[in-house]
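Subject: Handover of a structure and its findings

Dear colleague,

Please find below the structure that I am handing over to you. My findings follow directly after it.

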Amino acid sequence: MPRIERGELINAGVLVYCRAKSFVGARVHLDETRLRCLDPEVDVAGVQAALRGYEGICAGGERAGQAAEDDPGRRFRWLTAPRSTIVQPGPIHTGLTADPQAEVDRLLELLVR
């Protein structure tokens with residue numbers, strides 16, 4: 001969200017949570033050209049670091065930091081909570097899938113790339 005006060009945003013990733021499979025996953029793709037069109041002064045490295053943080057929290061383990069011990073549902077809820085940082089979660093949409101990892105990849109292509 002380059003200019004919060006103007007409501008500008010670009011999609012930069014997707015999160016998928018599947019309680020039945022204890023899965024939470026994220027894939028990110030930052031289109032730097034589009035981002036710089038909205039804000040030529042944006043801290044691209046900072047945005048990329050924040051997006052990598054989302055992936056790390058989803059992955060769990062050492063990359064998740066303090067959230068490492070949390071279950072996938074708790075990590076997902078933390079990641080989707082509204083916040084006032086430059087990387088903000090969008091609305092949550094529900095659905096069904098037998099393969100949540102494939103769904104992460106499909107949604108990234110559909111909504112982000």
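A residue is called exposed when its relative accessible area is over 50%, and buried when that area is under 20%. Please bear in mind throughout that this is a predicted model.

By that cut-off G95 is exposed, because its relative accessible area is 66%. G95 sits in the loop that joins α3 (72-80) to α4 (100-111). Although G95 and V16 are 79 residues apart along the chain, their C-alpha atoms are separated by 9.8 Å.

S22 lies in the loop between β1 (13-18) and β2. Its phi is positive, at about 50 degrees, although S22 is not a glycine. S22 also counts as exposed, since its relative accessibility is 54%.

Turning to the overall architecture, the protein chain contains 4 helices and 2 strands. In sequence order these elements follow the pattern β-β-α-α-α-α. The C-alpha trace spans about 40 × 30 × 20 Å along its principal axes. For 113 residues, a compact globule would have a radius of gyration near 13 Å, and the 14 Å of the protein chain agrees with this. Of the contacts in the chain with a separation of 6 or more, 56% are accounted for by residues 24 or more positions apart.

The interior comes next. Of the 113 residues of the protein chain, 35% count as buried. In soluble globular proteins, nonpolar side chains tend to be buried together. Here the largest nonpolar core has 18 residues, of which L30, L35, V47 and L51 touch the most other members. At least two residues of this core come from each of β2 (23-28), α2 (44-59) and α3. The element that gives the most to this core is α2, with 6 residues. Another core, of 8 residues, lies apart from it, and its members include V16, C18, F23 and L108.

Finally, the surface and the charges. The protein chain exposes about 7,400 Å², and carbon and sulfur atoms supply 51% of that area.

Yours sincerely

Note on methods: Residues are numbered from 1 along each chain as its sequence is written. This is a predicted model: local features need pLDDT of at least 70, side-chain atom pairs count only at pLDDT 80 or more; totals for chains, interfaces and linings use all residues. Side-chain values use heavy atoms; hydrogens and water are left out. The radius of gyration is taken over C-alpha atoms; the globule rule is 2.2 Å times the number of residues to the power 0.38. Buried means under 20% relative accessible area, exposed over 50%, partly exposed in between (1.4 Å probe, protein chains only). Contact means heavy atoms within 4.5 Å. Accessible areas come from the Shrake-Rupley method with a 1.4 Å probe; for residues, only the protein chains shown count as cover. A nonpolar core is a set of buried Ala, Val, Leu, Ile, Met, Phe, Trp, Tyr and Cys residues joined through side-chain atoms within 4.5 Å.
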